[in-house]
Each structure stands twice: as structure tokens, then as C-alpha cells.
Amino acid sequence: MGKVEALRLNAITKRFGGLTANDAVSFGVDQGEVVALLGENGAGKTTLMNILFGQYTADSGTVEVFGQALPPGNSRAALDAGVGMVHQHFTLADNLTVQENITLGAEPLFSPRLNRAGARARIAALSEKFHLAVSPDARVGNLSVGERQRVEILKALYRDVRILILDEPTAVLTPQETDALFATLRQATANGLSIIFISHKLHEVMAIADRVVVLRHGKLVGGARTEDTDTQALAAMMMGLEATPPNVAPANPGAALLELEDVSTPDIGSAPGLKSVSLALRAGQIIGLAGVSGNGQAAMADVLGGLRSPATGRIVLGGEVVQRWTPRDAVQSGIARIPEDRHKTGTIADFDLTENAILERYKGVPFSKGGWLNWRKSRGFAEEIIRKYDVRCPGADTPIRLLSGGNMQKLILGRVLEADPQVILANQPVRGLDLGAVNYVHGQLLEARGHGAAVLLISEDLDEIMALSDVIHVIAEGRLSPGFVRGEKTPAELGLWMAGQGFDARIPHAS
Amino acid sequence: MRLEPVQNPSLARKVLPPAIALAFTVLIASLLAMIAGANPFSVLGLIIKGAFGSKFAMLETLNRATPLIFTGLAVAVAFRARFWNIGAEAQLYAGALMTVLLGTGFLPWPSLALLPAIAFISILAGAALLLIPALLKTRFGVDEVVTTLLFNFIFLLFISMLLEGPLKDPMSMGWPKSARLLPEARLPRIVEGLRLHWGFALAILSALCIWIIQTRSTLGYEMRAVGLNKEAAAFAGIPVNLVLIKTALLSGGLAALAGFSEVAGLKGSLTLDLSPGFGYTGIIVAMLALLNPLGVVLAALFVAGIFVGADSMSRAADVPTYLADIMLATALLLMVLAIMLTRFRVVRD
Amino acid sequence: MEIVDILLSASFWAAAIRIASPLIFATLGELICERAGVLNLGIEGIMVAGAFAGWMAVYSGTGLWVGVGVAMLVGMLFGLLHSFLTVPFGLSQHVVGLGVTLLATSSTYYAYRLALPEVTSPPKIEAFQPYEIPFLSDIPLFGPALFAQTPFTYLAFVLVFVVALILYRTPLGLAVRAAGENPAAVAAQGLSVTAIRMGAVIVGSGFMAMGGAFLTMSAFDSFFFEMVNGRGWICIALVVFGSWRPGKALLGAILFAAFDALQIRVQQTGFGAEIPYQIFLMMPYILSIVALVVMSRRAEVPAALMVPFNKGER
């Protein structure tokens, strides 16, 4: 095997407005081969795969599957040709069952009835063969993230795909779940399936792929067989320079500014709440919160940000127990909150920069008085942020939806940092930003630490956590690990904690 | 096909779609007039003449616009915060009811004290009526569209019950009609001899106030933030539910003023046909005004003009007056489409 | 005691089923729309249009079933308009729905005035007559209530069964439900969310119009202004009450209609005469609101209801 070419992309180019997302990208995948598509966030990987899968139409270039050209912009044709895709954000309907999700669209729309018994048997057979255990009658909404991914993969296998695209499949998995996924994938390639594995995690790419192609700024910048390369060479290709972790001076921690004492919150659906969490954020220190997505980070961010109050336990702020706890209380107590989703929660898209700049502090001097807004001062504030934080925009009256993600994030940074916060809650602050913006945001966090702020950095990117944090806690299923000082644990050891190992079973947290 | 936002819309893109929408509305009205066997040009001419062709017609249009400004403002305020108040009709009657209750002898005050008192109590009544759906929404998550719609039916039956019971005017010879207001409780005319009452001035003043509130006050800012992105507003610390309730109170109060103004300014008593659907028409007014309070005044004049013009046209030509409603419904649907097309481009793929 | 007598009489239950029939059609229609993710507030106006179209067709000489077909077609036309604006263009379902209701109502009244300019009281047609199903109609209490109705009512019950079957037992129904839960899942299978949603709204609107036609062609035999009188809005409440399931919605409609039939009868008792009739007329609306509040905690709303889907969005 390995000689038949399953897939070929010919000079794919795609532009969004002025941005060239893909620039004449060409590569091929052989049958039974795993090709990793490597690149930073925003390098154009997802766009390329959406073109391959017919969800976008390329401006130029063609896609061939087993020598047959695919009609552009037609997902149906891609599916019929045997291309399947597991999206980073799963395309599953929560209120439907596993079986319903798998069989959706698999039979002709107007056939008189669903062949439910047949489907059931087939799903059972596939689960067995590829070690993908799922219960066909479970509601998808009740499944864990790992289980949902299994449903997505089954969905593809159910359709007899010959080429499977996996978009960042490990972002939501623990290291151990990742190993299980890799076992499944090896089983699949042994059966002649070709796989495109999209990732920016180098060690995983080395572990699973036969070959790597690297995308940077929409261009194909290189490729190699994994046996002929190493992670450092790949990183150099991906970033365009030798990767240099930020040079972080040792911290000088001071008093605890914000403490959680034995805090618990209820689970919300499949999202775990906090389980007796105690944590102290100290002046002049960055605490990193590592963990697989969906393990209680949201609950932690909500509690610290004032959106949720503890069901049990207390929040202690500057030595005093907090009574009333709303987002406004949090802001007024000097907590700077950088939200996880800057588009949905951080900003109001149709508001201009001025209106977004005062969003947390419009109530009260200097931005309003007696219920009347002072637009002059508000605008001045926005213009100061634009200047100091180098927000690239036509002006303070531009709707913020017209700004790039990086500039949007700079406005949010300015909004919260200009208030001279004591505590900074940074939830995924660099997700989706380009390298320049990433460095800028990290620099600002380090600078705030230097000024004596207590920082909590929540991230799913272990590299980011390890580079910036003075102390690392791992969160798994809402439980918090003890704090590990910089360099105390290797990534592999932290991975075990992320998988839920090491937590004391009886006392659900360690301090 | 799919939609792509336009970054910097050209002037043509901003102006053309709404213009085409209006042209289409006129075209459809003409076709319908032809179906009715009339000459479309004369029908349109009669509508315009009937609405704006004489001093009498103008005054009639202004009078008809007055309640529409109030209900239009009520809807514009609510929709701005994405609170779907479809119950302006009921709130209008709540205001009218208070006007009749207080203005037929209950408060023996002079005009200058009585009228503000009645207006104030009317506002409270309208606000209170909308408070119920608002609380059902914020407490239980019950969709306010359906509850406010259903409240219209309930409240009109309630009014009907009162008009056939305790509020019935003994002199009305069996008609369900309230007693007439005392002269002190009537809104005087702005200019003696011209059939236009102070309710119109109050409507314009309200529009100005709402405009100032929306653009200058923290409440207006909060209402816009909640309407545009509830999640971000809540994250930033805006008390979303409280803002929705304040919005509802303001909206209900404005709609109630329409009832106050109609009874105290025009009709002098309460009957079941006080409003020919002003509450519902307020939605059209607000949408045509793009929810802008000052635009509401213009849109109300336009809508009132079509109604008044169509009434007079219907008497002259043999075309049913429902033509006006069709024109407005068409204008509404085409306008929301047109506004969208000023901001998005349709891309084929 | 009187109330117990009423509840045990077959004529009461027959009336309840009759009152429920138009609600069943329209509720099913709304349910289909909402299951696909589209709230259709055009329902009230579409019922008016259907009531007029069906009746007018029969009045102009077509057969009764052709009249039903005409009503359905007119409803589908308005459904096409609604879905064209709300699905590919993603316009506000609230505004468009109310606009469609206004347009359908006013154009119906316009057409009525044009078609019958002279008449002061609307003419009557030969409406659907009750058909007693042999044997079944002889069952005590249930027989006369359920099996001595007009064929139009039987159609309502058959339709509930058919819609449930399609929704839960066919690939098409699965796709419709998925479109209302997560349209991206549908698109990922290469299916057109736009086509599925538009189709659902068009078919659903057809059913709504049949509900309206029931009023003029089976419940009564003539067309009046204001005859739908908020029934459409009540059906929207019934969809919530029925948790978006055809069977439960049917039960809700019958329960609701039974209550309505009960209040009519209580009005005629000695005790009822003491109470203003408006109180009784309010009951259906109050009941709808109560139903909404009660169900608000438990209802499983389609997750993508009122969420437009734009394929290119990232």
C-alpha cells in the first residue's frame, strides 16, 4: 500500500477580502497514509480543509479524489467521493441520540423509513472494529467531549469514508484519550483509510503522522516524512524562525489578593462545576490553570468574574469575605477580566470602540453622572486606549466588528488594564491571535505582574501555561491540583494530572 | 447563496434598496387597484390628496399620527432592547381606561392639575400591564411575544366587560360606551379653531425625550447593549433582567399615553372601537423608522397619511380601504429585507 | 353536579373534538416550522387566508376537498414568502411573522370585499357533514364524540399520526429535527439547511391554512371577519405545551378545546349566567398563558429555534 494517491490538492487559492487565506497550496495524500497539516492558528489550515470538503469555494485550484476532480463548493459531492471531516467544533445535535446523529443524511432523504435495526447493527460492528465504544441510544448532550468525538468519527466511518479529515482532534482530549484516538486511527489506516490530521501540536504530529506538510500565512512552506525530521525543525518551519519562549524573570509574590476557600458550584449540563476548590492569587505572580477544555475552567472563570456565586465556600477579597458577587462587584473590586470569547462576551459587535471601551464602567464618574453619559470623556478614554495599546482602527467611532481579533483583544486589554486592576483573570487570552498579537498580550500580562498584579492565566495550551506561569494548577473535572512551581513538573506529568490522576479520591481536592 | 457583511457600504448600497422597496410597494398597490378595476394613478393620487391635499386632510393625518407616534415609540423602545412587546394595543386601552376612570368626576381638579395626574396614572397602568409579561419572561423564560399578544385579547374582553357593566353610560342607549369626560379632563386644542389637540405636541415631546434617553443616558446605553448582545452585556455587569423590566415599563407607559391622548384629546369617551389596531400598527411605524425615536414621528405621519388617504380614496373610487393595510404590510416586509441588503451582500456559491 | 353531567355527555366531547380540530391542524403546522428552527408568527394571518380561500373556492363551485386543497395552497404561498425572508436572508422571525400575518389578513379582507362587494351578511356554503363511522360510532360516549365527526376532523387525527411518523421514522423527519437542533450538523452532511427549513415552513403553513379552512368549511359554513380571533396565537402556546411533540400537542389541543366547550356550557347554566360572558371568553387566552408558564421549565425547546443559519459564517 501507499502507492495509490487518494487525494490531490492543486494550487488552491482562497481570499477573504484582502486576506489571502490559502495561496496556491498543493499536496497529495496516499492511500493508507496519515498526513499532518501543521500550522499556527490562522495559518489557513481550516480554510483549506473547508474547501476540500466543499464548504467554501476556492478562488482557483482543484481537488482530486482518487483521480476524479471534485466539483467545487459541494459538500455532498465530497461526501459521495468518500471524504469525511471531523470538525474542531463538533457538528452534532445535542437533543438527538447518538444513532440519530450518525444516521443523519446517510440514507436518501425521501426514502420511506429509517432502517433503524440495520443502522444499529452497523454502528455496533464499527464500534467493535475500531474500539469506539458508544451507546447508540444516549442523547449526545449527555456525552463527554471524548465520547462526542467518537460519535463524529463513527459518523464518518459509517459512510465508508476513504479520506478522513480531523481538525485539531486532540484539543479537547486528555493525553490518554489522545492515545486511544491514535490507536483507532492506526486501525483505520491499516484498513486503507487516508487521514489528514490538522494540528499545531508538534509531538502529536510526530507520533501519528507518516508525513507532515507545513502551512504558514496561507502558503505551503515545507514538508517532510516524520522519520526524517524532528520537532525543532518543524517548529522552525511553522513559525518561520527559531521558537523562543519568552524570557521570564522569577516572580516576587506578595500578599494574597483574591482567595477561593473550599468553593463548589453545581454542574451545568455536561460542564462540570468546581469541586471544593481553594486557590490564592498573590500579588506579582502568574498562576496558570492547565487542563483539557471543559473541565471546570468555565466555572472557575465565571466565579472569579462575578458571573456565578459559589454554592458553598467563600470568596475572600483583600482579606474580607465577599457578600454580594456580581460582574459589576468584581470589576469594582479591581478584577480585570479578559473573557474567553471576545466576539460573543467581550465586545458588542455593533457598538463602536468608545461604547465598548466603557462597557464595564459606564456607570459612574467619569463616564456618567446622575444617569447621563459623558460622551466626551468616554471618547477620550477610548482614544487613549487606541493610542497606548496600539489598536489599529479608523477611529473611536468604528464599529468594533470591523476590527481584527488582535486589535479587538487590545481594546479589551486597555479597557481592563487602564483601571489599574489588582487581579487579572485572563481566559484564553491569545486564542486565535497571530504571533505578534500573542507576544503583545503576553508582554502586557508580564508587565502587569511586574506592577504587582495577581494574574490567573487559563489556557488549554500547555506550552503557553508553562512559558508564563510561576505556579501551575491543573483542573480536571472541576477539581484543582496542588500548585506546582515553575519547572517542577514535566508536560507528561502534568498530562497525567489533566487526565484526572493524582487527585485524592476521598478528599476531592488537595491544597 | 449566503450573506457576506459589507465593510464600507457605498452610498448606492445604502440608499437604493430602501428606495426600491418603496417603489415595489407602490407597484403592488397599483396592481391591486387595477384588480379592483380602478385606475392605479388616480387611486394613488387620491390617497396622496386625501392625506395631504388640504388643510383638513393634513389635520386629519396629524390627528391619526398622534396615537401612532406613541405606540411606535413604545415598540421602538422595546424592540431596541429585543423585548418583543406586541401588546401595545392592550396598554393603549389601559391608558384609555384610566383616563375615563379619573376624568369623569372621580378627581374634581382643575385642568392643569387633572390632566398631568391622568397622564401619569395612565402611564403607570400601561407599565403595570406590560410588567406581567416582562416578569414572566425574566422569571420563567416565557416568550413575551405570545403572552403580550394574548394579553391584547384578554384586556379587550376586560374593557368590554367594564363597558357593559360598571362603566356603561346610562345615556348611551344600550351601546357599550363609557360616560363622557368632564371638560376639565379634555386636552385642549393647540390653536383655537384648528382640530388638533395637545396630544400631538405631547407625542412630539415624547419622541424627543426618548431620543435623548437613548443617546445620552446610561439607561439608553444599557437598553441598546442588552438588545445587541445580551451575553456581553451580562458579562460586563449590566443587570440584563432589570434593564428588560425598565424597558417594559417605559414601553408600556408610552403605549398607554396613546390611549390617554385619544380619549382626552379626540373621542371624549371610551368605546371598544377606540383603536383600529394602533398597537399593531405601531410595530410597522417603529420598523419603518428603524427604531429611531425621531424617525418614528416621520414614519407615523407616513403611515397615518396612507390610512387617511386610503379612507378618502375608498369613498371616491371603488377600492376597499384594506389596500392601506396591504401597502403597509408590504412596505414592512420589503423594508426589513432592504435594510438587510444595505449591510450584507448576497453571494452565490 | 351540573359540571359532572356535562363532562359525561357525549355531545360535550363531540363539541370539544370539533373545537380542537382547527387547532390540531394549525398546531401541527407551527410544530413542523419550529421543529425545523423557524418560529412562524404568520400563523394567525395564514389561518385567516386559509379560511377565506377554502370557503371561496367552494362558494365558486369547486368540491369541498378541492377547497381544502386551495386553502392549503394559499397557506403554502404565504409560507414561501415567510421562509424566503427568514431562512436564506435570516430576517427577524418576529417581524416577518407579524408582517405576514398583517399581509395575509389584509389581502384576505381586500379580496373578500372585491369578491362580494354587495353582500351585508356573507353567503353560506354546503359545509362538510358529519360521517358516522359504522360500529365505532356506536361505542358509548366515545363513539358519538370521536366517530361521528366530519371527514375533515378525521383528517386532522390522521395527520397527527402521519406527521409523527415522518418526524420520528424517516430520514426526512430526522433531517428536519436536526435542522432545528443544529443546522451545522445538517450542512455537514451536504444537505441544504435552507431547503429543509423552507420546505418545513411551507408545508407547515399549508397545515395552518387548513386549520383556518376548517372554521369556514366544517365548524361553520360561512366566512366572517375576525373569525380566527387569536386561535393562531393559542396554537403557538399549544406547541410549547406539547413540548414540540405531535402526540402531546394533540392531547393539549383536545384538553384546551374541552375547556373551551365546558365554558360555553357553563355559561348557559344558572351559575354561569351570573358571571359576565367576557370572563368565559378570556379563559382560553388565560389558559394559554398558564400553560406557557407551567411548561416553561420542562419544555425541550429545539436548540436552534429562531437562530438563522448562514453557511459562510465563521
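Colleague: What makes helix α8 (residues 171–181) of chain C largely enclosed by the rest of the structure?

Modeller: Eleven of its eleven residues are buried, so the rest of the structure largely encloses α8(C). This is a predicted model. Buried here requires 20 or more other C-beta atoms within 10 Å. Among the residues that pass are Gly173(C), Arg177(C) and Glu181(C).

Colleague: What do the buried residues of α8(C) pack against?

Modeller: In chain C, α2 (10–35), α7 (151–169), α9 (183–188) and α10 (193–219).

Colleague: How many residues of chains B and C are in contact?

Modeller: 39 residues of chain B touch 38 of chain C. The cut-off is C-beta atoms within 7 Å. On the chain B side, α6(B) gives the most, with eleven residues. By class, that side has 31 nonpolar, five polar and three charged residues.

Colleague: Which strands form the open sheet of chain A, and in what order?

Modeller: The order is β2-β1-β4-β5, with antiparallel pairing. β2 (19–30) and β5 (68–69) each have a single partner strand, so they count as the edges.

Colleague: How do you know that β1(A) and β2(A) pair?

Modeller: Pairing needs at least two bridges. Strand β1 (residues 5–16) and β2(A) share eight, in the antiparallel sense. That meets the criterion. Leu9(A) stands opposite Phe27(A) in β2(A).

Colleague: Which helix packs on this sheet?

Modeller: Helix α1 (residues 45–52) of chain A, touching β1, β2 and β4 (60–65). Its direction makes about 115° with that of β1(A).

Technical notes: Residues are numbered from 1 along each chain as its sequence is written. Chains are lettered from A and ligands numbered from 1 in the order in which they are written. This is a predicted model: local features need pLDDT of at least 70, side-chain atom pairs count only at pLDDT 80 or more; totals for chains, interfaces and linings use all residues. A residue is buried if 20 or more other C-beta atoms lie within 10 Å of its own, exposed if 12 or fewer, and partly exposed in between; C-beta atoms are placed from the backbone. Helices (H or I, at least four residues) and strands (E, at least two) are DSSP runs, numbered from the N terminus. Two residues are in contact if their C-beta atoms, placed from the backbone, lie within 7 Å. Ala, Val, Leu, Ile, Met, Phe, Trp, Tyr, Cys and Pro count as nonpolar, Asp, Glu, Lys and Arg as charged, and the others, Gly among them, as polar. Axes are lines fitted to C-alpha atoms, for helices over the stretch in contact, and angles run from 0 to 180 degrees between N-to-C directions.
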